Amino acid sequence: MSEEPEGFAQFVEARERALQRTAWLLTGDHGLAEDLVQTALVRTWPRWDRIRRHDDPEVYVRRVMVNTWATWSRRKWRGERATQAMPEGPAPGDVAAEVAVRMAIRSALESLTSRQRAVLVLRVFDDLSEVQVAHVLDCAVGTVKSTMSQALAKLRSDARVTELMEADTR
Amino acid sequence: MSQDLADLEAKLRTLMDIAAGEPPSRVTVNAVRRGVVRRRRAASALGVAALVLAGGVAAAVATQRAEPGQRSVGPATSGHSRSVTLPGHSGVPRYYIVRSVIPNNGSTPNREETTVRATFTGSALARIRCPMSAPYVVSWPVAPAANQNFFLVCQRATGPASYDKVLESRIFEFHVTRSGRVTRALPVRGGELGRLLVHSIAATPDGSEVAVIAYPGTHPPDLHRTPPDVIVIDTRTGARAIWQGAPPMSSRTVYWPQDISLTADGQRLVFLTAPQCFQEPCTTSGGQQMRVIMNPASGGQLNSAGLLIPLDPALGRSSAAAMAAVISPDGSTVTLAVTGALPGNPSPASVSVVQIPASGQRRLHFVYRLPQADSYSYFTADPSGSHFLLGTGTPSGPLDGRIDNGRLIPLRPDPVRVQAMVW
């Protein structure tokens, strides 16, 4: 049986939900998000002690998540299928607003490339610095900046997201 | 960073925060530990296989060098190669989908649910829910496609009973992930079936074609007198073809489908039928048959389907009745679940699973036989057509399981509650 590395359980307990939220933004699906977090943690486990000594474990796990998701996205069987709109109508009350936001964000994120999505989620949602994002994605800081700018431009042209942002201002 | 950009990012962060919601805590250290162990075992088995392969190659090279000019005869093998089995290569599907009844304690009606379970541990991993907002939604039937993709029929009704009217039927597709979780159900193109009551569903392994047996759902159908239609859907374009069941008219034999399946190329739809004559005289009659529709995407009349196998001679003119039938993906074999006496399983109270060539040769191959059975409930095959699930019953109680080398390996949950299973 595998010996549990020191501090791993505490990390999972404390950060699992936050990781799942990031994973949902990357995948747009709760089942896949859970799978992605679990896979990333399984891959992190054997290197945990070294990571704790030399790196920020959370940044490392996020890097594994982004890379794993990039690999999964490239697989043919996961290729996105063109489908009709989900039949979920907005429910009454606050839930309706939440569902509308979720659907708009999910569809906006799906319109981005995996790299753009990863940069946006890590930079905006996880609040990592450009240097940290570059470290996670193993690319230059300049690439992070240009990718981020492309992603924001794409989102600005999304009518549903723009409408939600304007409603937020009002 | 400009103020505009900072403002945009802040708004976006707020929206993403709302969208991501508060997920339930489902990833645990124990699950991660199990994943680590699985990964290590797979890696070590792969290492052993690589060593064996390298050893084999080295031996072959050594043989070539030791005997220059001579041709090597047969493949070079090492003494250990036969004992190496890679985990996960047995081909048995890792997960199965179960429709089961959750009994309540008298005051409220029983609840039904559809769940994903692990084949080798039986543990329940996920519940399948239809994305429909209503109290009376049935998440069944389900058809498997390759790579753990499944097609699910969601049927919304006016009430919980089988005689309640269907308000809406729709086909969805979902995926069971490598760790047994379920992705969100996506509507299938062309999968809106209005108020039809869907009886069964079949899919090609690549999921490009789906076929359903459907009845009018606007009134409780009498399945013995209502002609069903078979609807074939191209899931890539949403195009639908309807194969209409002939109405029960006098002097006419009708061929209504009991069970349907598709070949991998989607070019043949095969169905099990018992020819019916509602008022004599009918031109043809006889026992059960397998009939075939070539090019099912064209649509037409079910009565015009060609005869594939007359089952009476194929089953040795016995009193047995075929309850379900599946064509193999390449179209070469039909596998049948049969109740009653057969040559090779003479007990009249028996359940057998037999294979016959689609060419109609009278050669029965027994996949499984249960001599003392007192009920039959379902039979399904995986997308490869080589692994089967069977629900039956013995005098000591119901028996649900997978067929493995002529044995029925019981699968969870408690069989009393199981309605059907697929994988």
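This is a predicted model: local features need pLDDT of at least 70, side-chain atom pairs count only at pLDDT 80 or more; totals for chains, interfaces and linings use all residues.
Reader: Which residue is the bridge partner of S100(B) in β27(B)?
Author: That's V418(B). In β27(B), V98(B) also has a bridge partner, M421(B). Residues are numbered from 1 along each chain as its sequence is written, while chains are lettered from A and ligands numbered from 1 in the order in which they are written.

Reader: OK, and how many bridges join β1 to β27 in chain B?
Author: Four, and the two strands, β1 (residues 95-102) and β27(B), run antiparallel. Strands here are DSSP runs of E with at least two residues, helices are runs of H or I with at least four, and both are numbered from the N terminus. Two strands pair if DSSP finds at least two bridges between them.

Reader: Which sheet are they in, then?
Author: An open one of four strands in chain B, in the order β3-β2-β1-β27, with antiparallel pairing. Its edge strands are β3 (124-127) and β27 of chain B, each pairing on one side only. On average, neighbouring strands of this sheet are turned by 30° against each other, direction ignored. For angles, axes are lines fitted to C-alpha atoms, for helices over the stretch in contact, and the values run from 0 to 180 degrees between N-to-C directions.

Reader: Why is β27(B) called largely enclosed?
Author: Because four of the five residues of β27 (residues 418-422) of chain B are buried. Buried means 20 or more other C-beta atoms lie within 10 Å of a residue's own, exposed means 12 or fewer, and partly exposed is in between, with C-beta atoms placed from the backbone.

Reader: What about the sheet with β8 in chain B, what's the strand order?
Author: That open sheet has five strands, β8-β9-β10-β11-β17 (chain B), and its pairing is mixed. At its edges are β8 (196-203) and β17 (300-301) of chain B. β8(B) and β9 (residues 209-216) of chain B run antiparallel, joined by seven bridges. In β9(B), A211(B) is the bridge partner of A202(B).

Reader: Switching topic: how many helices and strands in each chain?
Author: Chain B has three helices and 27 strands. Chain A has nine helices and zero strands. Buried residues make up 39% of the 423 residues in chain B and 36% of the 170 residues in chain A.

Reader: Where do α6(A) and α7(A) touch?
Author: The axes of α6 (residues 114-125) and α7 (residues 130-137) of chain A come within 10 Å and cross at roughly 140°. The contact is made by A118(A), V119(A), L122(A) and R123(A) of α6(A) with V133(A), V136(A) and L137(A) of α7(A). Residues are in contact if their C-beta atoms, placed from the backbone, lie within 7 Å.

Reader: Last one: how many residues does each chain give to the contact between A and B?
Author: Chain A gives 42 residues and chain B gives 36 residues. On chain A's side, the elements that give two or more residues include α1 (8-27), α2 (30-44) and α5 (94-110) of chain A. By class, that side has 22 nonpolar, seven polar and 13 charged residues. Nonpolar covers Ala, Val, Leu, Ile, Met, Phe, Trp, Tyr, Cys and Pro, charged covers Asp, Glu, Lys and Arg, and the others, Gly among them, count as polar.

Definitions and conventions:
Two residues are in contact if their C-beta atoms, placed from the backbone, lie within 7 Å.
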